[in-house]
Amino acid sequence: MPAAYAAVTAEPIDAARLLGDSLSPDDGAALLFWGVVRNQNEGRAVSHLEYHAYAEMAERTMHRIGEEAIARFGVGDVRVVHRVGRLDVGEASVAIAVASPHRAEAYEASRYVIEELKRRVPVWKREGYVDGESEWVPGFSAAAESDGRPT
Amino acid sequence: MNVRSLFFAQYRDFASADEIDVELPDGASVADLVVRLRRGEGGLSRLPASPVVAVNMDYAPHSTALREGDEVAFIPPVAGG
């Protein structure tokens with residue numbers, strides 16, 4: 001039975017392990033979404049990001065999103081890991097592995113998981129700039145979910 | 001009854017604390033808790049009038065009735081990924 005797995009971690013994410021763990025003999029492919037810190041945002045040079053999470057709820061919500069992806073697209077295991085703490089440019093902040101018997105569903109499920117994660121998972125980031133300042137990155141209001149879950 | 005209020009990111013900056021225990025009359029709702037927190041002297045007066053909240057880790061409307069020991073998290077706009 002395909003299963004969802006979700007974790008919030010302060011440790012670097014092991015991509016090969018995440019992909020490997022997602023696979024079962026029923027699968028013919030596995031996709032990895034690898035989200036990394038980039039060196040600029042809206043024209044300002046970024047030196048690092050500091051991620052904060054409501055860890056327990058973030059794990060629950062990512063797990064639920066993974067289960068939704070399995071039910072909706074008929075894929076195999078979905079594994080989602082989000083980093084917290086200080087991350088430098090080039091480090092992975094989020095990784096999503098989707099295993100699947102067929103590739104088309106895997107692409108759809110991977111896209112679904114990252115989009116829903118950005119809308120619903122309680123994670124925040126503070127952007128540190130090369131000039132030494134830092135600011136909370138404006139986010140997405142999860143208000144749509146507060147009065148009824150999206151379908 | 002006593003409920004735990006949790007604060008994150010910008011809201012944590014307003015509260016100058018990760019969490020605050022609040023004593024509320026029985027039958028109080030999330031809306032009542034928001035009014036109570038915003039009325040305080042400190043930075044929590046800067047909380048929006050209608051912040052997104054999660055009760056016991058599920059997003060919940062402000063009409064939600066609270067119970068003893070509930071965990072009410074104030075969720076600023078999320079920016080994961």
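Modeller: What follows is a close look at one helix and its partner, and then at some single residues and the contact between the chains. The model is predicted.

The part to look at is helix α2 of chain A, which runs over residues 55-73. Helix α2(A) has 19 residues, and the distance from its first C-alpha to its last is 27 Å. That is close to the 27 Å expected at 1.5 Å a residue. Ten places can be looked up along the helix as buried: A:M57, A:A58, A:E59, A:T61, A:M62, A:I65, A:G66, A:A69, A:I70 and A:F73. Just after α2(A) comes A:G74, with a positive phi of about 70°.

Next comes the partner helix. Two packed helices are described by the angle between their axes and the distance between the axes. Here the partner is helix α3 of chain A, residues 103-120. The axes of α2(A) and α3(A) come within 9 Å and cross at roughly 150°. Angles over 145 degrees count as roughly antiparallel, and α2(A) and α3(A) are therefore roughly antiparallel to each other. Their crossing is right-handed.

Which residues meet where α2(A) and α3(A) touch? From α2(A) come A:T61, A:M62, A:I65, A:G66, A:A69, A:R72 and A:F73. From α3(A) come A:E105, A:E108, A:A109, A:Y112, A:V113, A:E116, A:L117 and A:R120. Sorted by class, this contact has eight nonpolar, two polar and five charged residues.

Elsewhere in chain A, A:S47 lies in strand β4, residues 44-53. A:S47 counts as partly exposed, because 15 C-beta neighbours lie inside 10 Å. Setting aside neighbours within four places in sequence, A:S47 is in contact with A:G128, A:Y129 and A:V130. A:D27 is 20 residues from A:S47 along the chain, and their C-alpha atoms are separated by 39 Å.

Most residues other than glycine have a negative phi. B:S16 is not a glycine, yet has a positive phi of about 55°. B:S16 sits in the loop between α1 and β2 of chain B, and is exposed, with 11 other C-beta atoms within 10 Å. B:M57, also not a glycine, has a positive phi of about 75°. This residue is in the loop between β3 and β4 of chain B, and B:M57 counts as partly exposed, with 17 C-beta neighbours inside 10 Å.

B:R12 belongs to helix α1 of chain B and is partly exposed, with 18 other C-beta atoms within 10 Å. Not counting residues up to four places away in sequence, B:R12 touches B:F7 and B:D18. B:R12 and B:F74 are 62 residues apart in sequence, while their C-alpha atoms are 8.9 Å apart in space.

Note on methods:
Residues numbered from 1 in each chain as written. Chains lettered and ligands numbered in written order. Predicted model: local features only at pLDDT ≥ 70, side-chain atom pairs only at ≥ 80, totals over all residues. Helix = DSSP H or I, 4+ residues; strand = E, 2+ residues; numbered from the N terminus. Expected span 1.5 Å × (residues − 1). Buried ≥ 20, exposed ≤ 12 C-beta atoms within 10 Å, placed from the backbone. Axes fitted to C-alpha atoms, helices over the stretch in contact; angles between N-to-C directions. Parallel < 35°, antiparallel > 145°, perpendicular 65-115°, else oblique. Left-handed = near helix turned anticlockwise from the far one by under 90°. Contact = placed C-beta atoms within 7 Å. Nonpolar A, V, L, I, M, F, W, Y, C, P; charged D, E, K, R; others polar.
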